[in-house]
Amino acid sequence: MTDLYAVIGNPIAQSKSPRIHAAFARQLRQDLRYEAILGPLGGFQGAVEGFCAQGGRGLNVTVPFKLDAFALATERTERAEQAGAVNTLKFEGAGVVGDNTDGAGLIADVRGRLDVMLQGTRILLMGAGGAARGVLLPLLREGPVSITIANRTVDRATALARRFHPFGPVEGGDYARLAGRRFDVVINATSASLYGEVPPVPSGIFAPGALAYDMAYGSGPTAFLGFARDQGAGRLADGLGMLVAQAAESFFLWRGVRPDIEPVIAMLRAG
Ligand code: NDP
């Protein structure tokens, strides 16, 4: 029987998840259907119940429902617990497993696809919203020398650093404190690129050969990647690889098989 999956969000029309999961299913010959659901604001639980009543096996969850999904899960993975948000639900009998695959997606893209080792590196993580929080534990597990969180609203950066300090070397502060420092990996987890803006980082933050990674993606290089290129960053990457890799991690959770992300990234880049 064809198994049913979906992504739920509001808005949802822009989501690439149906194309990505359809490509995974073709690649791995999985008999499944994957839909997009426009979740009513304030009506997440009802929409999920309706989906389950149709025999739905799993959901991807996007803005603004990741906290609702966290609350709805009857069991959560450690990475979802620490992220404080759930982007993947798996329905198992009466139970609902909540996971967060964003961090694993970032690591799979950076270490697995771009072949950049994070162990022993100095990482700058810009932003202190949901995306930053979701990737902190998986980043710390890679064994960097330090993770520095910088955020426009400083309190959010320091609170995040305090929360994750038990897991490894992480500190938080404002952008001005970065002056004179160098980083091997600079990750933009702010939404500044969505507005064509660059976070207010001082110049000279890129160590020789540094990776500049923007979680945002679009048809061309983001504003941050343009800045990083001008500042001499060694490698540039946008977040399309992370998007496909986090989807692959959800697929693995549901189906127990792992898609090859490279051809799917190439398919999306081609338009
Ligand atoms: P949130 O709204 O939770 O957080 C936004 C963050 O961006 C905050 O830290 C905010 O700072 C900061 N910010 C916004 N505008 C600016 C600016 N002009 N200058 C500096 N900082 C700014 O968003 P998310 O964390 O959910 O998402 C962040 C980005 O990550 C988005 O671009 C999103 O598309 C991308 N993303 C990509 C994924 C992928 O798979 N590739 C997965 C998840 C997210 P402040 O606290 O001061 O407001």
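Here is a short tour, from the ligand to the helices and then to the loops.

Please keep in mind that this is a predicted model. A shell of 22 residues surrounds the ligand, and the closest are Ala131, Asn151, Thr153, Arg156 and Glu197. Two helices each supply at least two residues of this shell: helix 6 (130-140) and helix 9 (240-255).

Zoom in on the polar atoms next. In the side chain of threonine 153, an N or O atom is 2.6 Å from an oxygen atom of the ligand. Glutamate 197 places a polar side-chain atom 2.6 Å from a nitrogen atom of the ligand. With leucine 243 the backbone takes part: one of its N or O atoms lies 3.4 Å from a ligand oxygen atom. On its own the ligand has 930 Å² of accessible area, and the protein covers 79% of that.

Is glutamate 249 buried or exposed? Its relative accessibility is 13%, and the cut-off for buried is under 20%, so glutamate 249 counts as buried. Leaving out residues up to four places away in sequence, glutamate 249 touches Arg79, Thr101, Ala104 and Arg258. With one of these, arginine 79, there is a side-chain to side-chain polar contact of 3.4 Å.

Now turn to helix 1 (residues 17-27), where Ser17, Ile20, His21, Ala23, Phe24 and Ala25 are buried. An α-helix has 3.6 residues a turn, so residues three or four places apart point the same way. What lies over the buried residues of helix 1? The cover includes strand 1 (3-9), strand 2 (32-38), strand 3 (56-61), helix 9 and helix 10.

Helix 10 (residues 262-269) also holds arginine 269. With a relative accessibility of 48%, arginine 269 counts as partly exposed, because that class runs between the buried limit of 20% and the exposed limit of 50%. Beyond its neighbours within four places in sequence, arginine 269 is in contact with Asp238 and Leu240. For a sense of scale, arginine 269 and methionine 126 are 143 residues apart in sequence, and their C-alpha atoms are 25 Å apart in space.

The loops deserve a look too. Most residues other than glycine have a negative phi, and most peptide bonds are trans. Against that background, arginine 29 has a positive phi, near 50°. Arginine 29 follows helix 1, in the loop that leads from helix 1 to strand 2, and at 77% relative accessibility it counts as exposed. Aspartate 115 has a positive phi as well, near 65°. Its loop runs between helix 5 (102-113) and strand 7 (122-126), and aspartate 115 is exposed, with a relative accessible area of 58%.

Finally, where are the cis peptide bonds to look at? One joins asparagine 10 and proline 11, with omega about 5°, and proline 11 has its place in the loop between strand 1 and helix 1. Another cis bond joins valine 63 and proline 64, again with omega about 5°. Proline 64 is found in the loop between strand 3 and helix 3 (66-72).

Terms used
Residues numbered from 1 in each chain as written. Predicted model: local features only at pLDDT ≥ 70, side-chain atom pairs only at ≥ 80, totals over all residues. Heavy atoms only, no water. Helix = DSSP H or I, 4+ residues; strand = E, 2+ residues; numbered from the N terminus. Buried < 20%, exposed > 50% of the residue type's maximum accessible area, 1.4 Å probe, protein only. Contact = heavy atoms within 4.5 Å. Near = heavy atom within 4 Å. Polar contact = N/O pair within 3.5 Å; in protein donor to acceptor, adjacent residues only side chain to side chain. Areas by Shrake-Rupley, 256 points an atom, 1.4 Å probe, with all protein chains shown as cover.
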